[in-house]
Protein chains: 2
Amino acid sequence: MPEPASPVPEAGQEAPARVRLSFEPSGKRVSVPPGVSVFEAASWNGIAIDSTCGGHGTCRKCRVRIVDGEVPVSRLDPRAFDPDRLRQGWRLACLAQATGDLTVEVPPLSTRPKAATVGVGRQVILRPAVQKRYVELDEPSLADQTPDVERLLAALDDLEVTPDLHAYQRAGRVLREADFKVTAVVVDEALIDVEPGDTTARRYGIAYDLGTTTVVATLLDLSTGTPAAVRSMLNLQQPYGADVISRISAGMLDPSALDRLREAARDTLDQLTQEVCKQGEVAPEEVYEIALAGNATMVHIALGIDPEPLGVAPFIMAARSFPALLAADLGLRVHPRARAVVLPALGAYVGGDIVAGALATGMDRDRRVRLFIDVGTNCEIVLGNADRLLATAAPAGPAFEGAQIRCGMRAAPGAIETVRLDPATGRVELGVIGDVEPVGLCGSGLVDAVAELCRTGLLDASGRLLSPEAAAKVSPALAERLATVGDERVFVLAEAGGETVYLSQRDVRELQFAKGAISTGWRLLLEEYGVTEADIQQVLLAGSFGSYLSPASAVRIGLVPRLALPRIVSAGNVAGEGAKLALLSVQERAGALALLEEVRYVELSDRSDFNDRFVDQLAFPAG
Amino acid sequence: MPEPASPVPEAGQEAPARVRLSFEPSGKRVSVPPGVSVFEAASWNGIAIDSTCGGHGTCRKCRVRIVDGEVPVSRLDPRAFDPDRLRQGWRLACLAQATGDLTVEVPPLSTRPKAATVGVGRQVILRPAVQKRYVELDEPSLADQTPDVERLLAALDDLEVTPDLHAYQRAGRVLREADFKVTAVVVDEALIDVEPGDTTARRYGIAYDLGTTTVVATLLDLSTGTPAAVRSMLNLQQPYGADVISRISAGMLDPSALDRLREAARDTLDQLTQEVCKQGEVAPEEVYEIALAGNATMVHIALGIDPEPLGVAPFIMAARSFPALLAADLGLRVHPRARAVVLPALGAYVGGDIVAGALATGMDRDRRVRLFIDVGTNCEIVLGNADRLLATAAPAGPAFEGAQIRCGMRAAPGAIETVRLDPATGRVELGVIGDVEPVGLCGSGLVDAVAELCRTGLLDASGRLLSPEAAAKVSPALAERLATVGDERVFVLAEAGGETVYLSQRDVRELQFAKGAISTGWRLLLEEYGVTEADIQQVLLAGSFGSYLSPASAVRIGLVPRLALPRIVSAGNVAGEGAKLALLSVQERAGALALLEEVRYVELSDRSDFNDRFVDQLAFPAG
């Protein structure tokens with residue numbers, strides 16, 4: 001696939017400056033924000049450089065040579081290299097800041113680093129924050145009264161860690177029971193525990209995708225990057241409403257509902273936690289860190305933060321990122337001192353789930369101009385490439401959730417999810433979840449049904465179902481399915497056991513509003529970016545709904561740009577993938593935070609031309 | 001009082017190097033470890049330099065001029081001074097490291113910093129870790145959707161803080177209830193809360209002296225440095241034994257006793273907390289930080305750390321210092337996110353109470369050679385001055401606690417605490433605590449009684465009570481008080497209501513052992529330091545027992561060096577004073593940690609000459 005030319009920013013737009021690094025001998029080229037270390041720039045882009053300390057400047061293993069470009073000698077370089085080598089350009093990669101373009105020679109690895117494929121084709125070098133070190137310590141004596149924890153820390157010479165009280169409480173007994181042969185459990189810069197004997201082979205984390213509807217937990221083996229177990233379930237907050245606004249409203253009407261909402265979120269997460277641990281045969285105490293991606297409302301509620309300001313204008317978050325959390329702050333029963341990483345949010349309606357998705361799809365690293373669309377009640381859109389990213393949110397309404405749709409339902413057994421019409425024979429082919437009798441229509445089925453009615457001409461470009469007479473001229477066989485319910489024209493999709501599933505004229509209008517909002521969103525974003533539909537190299541459909549959408553139907557109704565179908569990709573549960581990335585690599589985690597600076601949020605609601613454009617986008621594209 | 005010449009270190013002894021700073025125009029001279037900032041060096045020594053950020057390099061107010069000596073330009077200096085001023089030697093004091101001798105000109109203060117007198121004549125500039133800032137924020141709008149906590153942090157421009165989850169949870173509601181006029185509560189580098197309106201006038205801390213016997217809590221107004229309330233009570237751990245070894249043993253015999261010991265410590269601290277808050281009319285939630293000084297065993301137990309390794313050879317602590325604690329980690333019901341500072345320990349038997357005492361008496365700043373003795377079952381000794389400090393612990397046994405003494409008792413009502421004998425008249429003058437009938441003899445009374453018997457000649461230098469016949473030649477009147485109980489010679493101090501209080505021959509032996517251990521301790525320390533008794537400028541008697549000891553009697557029996565009595569000073573509850581210092585000043589707190597590096601611990605038990613010296617020291621000095 002040819003690399004597109006970088007789009008030229010319009011005059012007056014500030015493009016965040018990037019520096020370009022070439023790595024030898026691989027020949028890989030990357031661009032990163034200035035000031036990023038050579039080590040991180042390499043790690044972010046799947047280029048392995050030796051390291052045992054994870055880039056903290058202590059192991060002195062990440063030796064590289066600056067072949068071209070300027071990197072000053074850091075405070076630790078003289079300890080790692082003699083003056084000759086310094087003159088030849090040798091530097092520790094973790095302390096070498098890329099402030100200009102560089103060519104960097106990376107020596108062959110002395111150890112083969114582990115990597116995992118996560119997200120959408122992301123090859124990630126494993127650098128979890130969770131580290132374990134097995135040490136055999138000298139026993140103390142009257143001649144060496146070094147305190148227990150200081151003795152242990154002295155043995156972790158390449159780590160600079162601060163012990164948790166929990167580690168102080170455990171150290172004395174564990175050291176003596178295990179004859180001073182113990183494993184230190186370190187998360188980031190904290191010593192969280194001391195375990196008897198050698199437990200280095202066992203370190204786990206859980207990545208959560210805390211969706212409004214569905215919650216997914218993945219237990220990860222942090223030594224290998226592989227999932228040990230995955231479980232999902234409906235968010236127990238469901239009784240309080242299907243979307244975030246109804247959940248926020250529930251809390252506003254009854255403050256005690258807030259506590260119940262928080263407990264429902266925590267119960268959901270906890271139930272999944274116990275299930276994945278059981279399934280993966282891992283003790284909850286062996287889970288030392290968790291990562292969680294969710295929209296801003298879900299995250300606020302789970303952390304016990306009142307989401308009300310998110311739900312009313314001017315839509316204010318408590319914060320974009322929450323540093324220094326414990327899993328216990330989310331009510332999780334894992335290791336008592338397990339840390340929690342919550343993916344940061346760009347805005348009240350472009351949350352941590354979208355940042356996770358952008359991370360998992362490599363939006364900030366890929367050189368192709370790509371369009372990321374998470375389709376849902378609130379539709380989040382990200383556009384751009386490694387050079388520049390824009391994001392926005394478009395209020396699509398509840399059509400995709402099945403609410404407001406006459407025969408609408410959630411994507412559950414009995415839901416029609418695909419529709420195929422044959423105008424010649426009048427045959428209607430339905431794909432039904434669970435292969436049972438159809439009882440309703442879910443979001444992807446709705447899009448398919450409307451797209452097929454457009455294609456066959458039973459629906460005109462303005463979104464009006466033809467009259468039976470006009471329809472009979474187009475397809476006599478299909479026209480028979482046109483009927484009237486109440487005062488409304490409908491198209492009957494299925495009749496079975498007295499149950500009729502149909503698409504109504506008003507349903508079509510609901511979908512038109514949704515697709516109008518979404519396509520107005522990405523069109524305005526394209527303009528803001530200075531590119532056209534033709535410049536887009538790939539469309540990523542994300543989220544539990546977007547992933548099931550038929551690309552052909554999405555193009556047909558104008559929900560996404562008119563690209564060759566192979567370029568319209570179902571990205572899957574990218575929020576969960578992003579959470580996994582954050583667990584597996586501290587560099588990826590830093591990358592998520594960096595996205596807050598790299599992505600510019602474009603507010604659509606205050607654009608004077610939004611409504612005009614929206615009305616233009618209500619119509620369906622000409623066949 | 002003339003300054004003594006600095007003692008000359010013996011060959012082979014490493015004296016930690018110090019650099020000397022002269023401050024103009026005050027003319028004050030101080031010596032500090034190399035690398036300390038000019039700001040801290042000044043603060044430690046009561047010299048005020050302007051600052052609002054407390055030395056974090058952000059307020060740029062701490063401007064000084066280096067008149068003599070070399071201080072490189074720091075990264076922030078060019079933002080604070082133009083090139084001319086830089087050439088003239090102007091620097092920010094908090095970033096100016098003193099690596100060599102300096103003369104520093106301090107401009108007049110633009111604001112008068114508050115100071116408090118704490119400890120033994122220590123004048124301390126108030127720089128508590130607890131800071132409050134009242135801010136009036138712009139209300140958010142669609143044009144300015146800055147998240148709540150980020151909006152608040154932006155207003156705290158001279159502080160770099162990380163919010164606790166608690167602050168995230170509170171911010172949204174408090175900001176809106178208080179029309180965005182709020183007070184940020186900062187402890188060190190954490191934003192712990194957001195309070196409605198202007199609460200800057202109210203910030204409190206509690207300093208605890210967690211003694212084995214007695215626990216004292218002082219509620220401090222951190223804005224003024226003045227105590228708002230003080231309360232003391234017996235440690236509720238008393239039922240588990242009088243000294244640390246019996247408490248440790250209780251836990252070893254029955255692991256469940258450990259939990260009960262911890263709860264007893266916490267109940268004691270909590271009861272005092274509620275009492276001082278009530279007395280001081282302060283809500284517990286207004287207490288944002290606490291500081292605690294205690295011996296290593298008390299601290300370990302209170303933190304839930306098994307103290308067993310402290311109690312058996314080779315006597316190992318979990319750690320010397322415990323960073324990053326919450327008051328809640330000690331079970332204290334104050335502000336839920338209040339921080340806790342636990343004074344660090346030098347060793348298993350030279351604990352945080354002694355470090356606090358050394359801090360409160362300025363052992364590391366005073367240029368006089370001083371001897372600090374905390375008299376108790378375990379006797380801690382510190383010797384030295386600003387240039388060099390040594391410490392040791394001597395096992396004095398339980399004599400001073402009244403245990404093993406026939407008529408011994410704790411210093412409580414009815415205890416004889418002073419004794420005066422008149423050999424001519426036979427009159428015995430007793431000071432009794434509470435002015436009631438005497439029922440026993442406490443530690444200071446024991447020392448007084450033995451000292452008086454020595455002075456009057458009824459006790460010979462070897463510690464033997466004279467026979468009635470021999471005594472009659474010395475003082476016929478007092479000789480009448482010699483009697484026999486069981487097979488033991490005794491001296492009757494009081495007979496009242498059938499109750500006889502006497503001093504037995506074996507009691508004298510117990511005291512001899514105690515004073516032998518103590519005087520062996522300080523004598524060996526003097527040798528190690530390279531000075532003689534005559535070089536000592538001051539003796540500080542510390543601890544609840546030491547403070548009540550009669551200097552004259554202490555000299556008489558050889559417990560302390562033979563100095564002019566005004567130079568033997570009762571230092572009082574210096575552990576509690578040290579805890580107060582740590583609360584009032586982050587510089588003092590850092591000073592306590594620095595003591596771990598500055599004080600060299602001398603182990604006496606492995607010295608081959610200890611026993612010989614001990615036996616030599618059993619005898620009482622010749623009259």
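How many residue pairs are in polar contact between chain B and chain A? The count is 16, with both residues of each pair at pLDDT 80 or more. A polar contact is a pair of N or O atoms within 3.5 Å; within protein, one must be able to donate a hydrogen and the other to accept it, and residues adjacent in sequence count only if both atoms are side-chain atoms.

The model is predicted: local features need pLDDT of at least 70, side-chain atom pairs count only at pLDDT 80 or more, and totals for chains, interfaces and linings use all residues. Residues are numbered from 1 along each chain as its sequence is written, chains are lettered from A and ligands numbered from 1 in the order in which they are written, and side-chain values use heavy atoms, with hydrogens and water left out.

Four salt bridges were counted between chain B and chain A (a side-chain nitrogen of Lys or Arg within 4 Å of a carboxyl oxygen of Asp or Glu). D306(A) forms a salt bridge with R173(B). Their closest N and O atoms are 2.4 Å apart. On the side of chain B that touches chain A, helix 4 (148-155) and helix 5 (165-177) of chain B each give two or more residues. Helices (H or I, at least four residues) and strands (E, at least two) are DSSP runs, numbered from the N terminus. Helix 5 of chain B provides the largest share, five residues. By class, this side has 20 nonpolar, seven polar and nine charged residues. Ala, Val, Leu, Ile, Met, Phe, Trp, Tyr, Cys and Pro count as nonpolar, Asp, Glu, Lys and Arg as charged, and the others, Gly among them, as polar.

The contact (heavy atoms within 4.5 Å) takes 36 residues from chain B and 35 residues from chain A. The two chains bury about 3000 Å² between them, 61% of it on carbon and sulfur atoms. Buried area is the accessible area (1.4 Å probe) that two parts lose on being put together, summed over both. In chain B, L165(B), Y168(B) and I316(B) lose the most area to chain A, together 19% of what that side buries.

Within chain A, six of the seven residues of strand 11 (residues 190-196) are buried (under 20% relative accessible area, 1.4 Å probe, protein chains only). Strand 10 (residues 181-187) of chain A pairs with strand 11 of chain A in the antiparallel sense over six bridges; pairing requires at least two DSSP bridges. V182(A) has P196(A) as its bridge partner in strand 11 of chain A.

Note on methods: Buried means under 20% relative accessible area, exposed over 50%, partly exposed in between (1.4 Å probe, protein chains only).
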